[in-house]
Amino acid sequence: MKKIIALALAAAALSSCMSSPVGALFADNYVPQMISSAGGSKVGTSSSTTYLGLVSQGDGSIAAAKRAGGISAPSSVDVKVNNILGIITTYTTTVTGN
């Protein structure tokens, strides 16, 4: 039990180094990155997942989201951050545009 508590505290400490709002126990936040006055009818998403802040996989880039939605001119970019106990954190990038 002591090892689990120590691991959770270490994960919480490591997650505090991230640039977006991440709760130590749980987070489910949308973080706007860019917006313009131009609208868009296409939507593309990409995501990446981090485990314990040590191992990460996936392509959560804006370029991957643009590619997934067939977007050449983005009008907005949002990032959703979902964190559970600092153990699993998923970043989902959503791009809208034409």
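1. T96 touches K42, V43, I71, P74, S75 and S76, leaving aside residues up to four places away in sequence; contact means heavy atoms within 4.5 Å. T96 lies in strand β5 (residues 88-97), and its side chain is joined to that of S76 by a polar contact of 2.4 Å. A polar contact is a pair of N or O atoms within 3.5 Å; within protein, one must be able to donate a hydrogen and the other to accept it, and residues adjacent in sequence count only if both atoms are side-chain atoms.

2. This is a predicted model, in which local features need pLDDT of at least 70 and side-chain atom pairs count only at pLDDT 80 or more, while totals for chains, interfaces and linings use all residues. Residues are numbered from 1 along each chain as its sequence is written, and side-chain values use heavy atoms, with hydrogens and water left out.

3. Helix α2 (residues 62-69) has A64, A65 and G69 buried (under 20% relative accessible area; exposed is over 50%, partly exposed in between; 1.4 Å probe, protein chains only). These residues are on the same side of α2, because they cover an arc of only 125 degrees around the axis, taken from the directions from the helix axis to the C-beta atoms. Their cover includes β2 (42-51), β3 (55-59) and β5. Just after α2, G70 takes a positive phi of about 65 degrees. Helices (H or I, at least four residues) and strands (E, at least two) are DSSP runs, numbered from the N terminus.

4. I84 belongs to strand β4 (residues 74-84). I84 counts as partly exposed because its relative accessibility is 43%.
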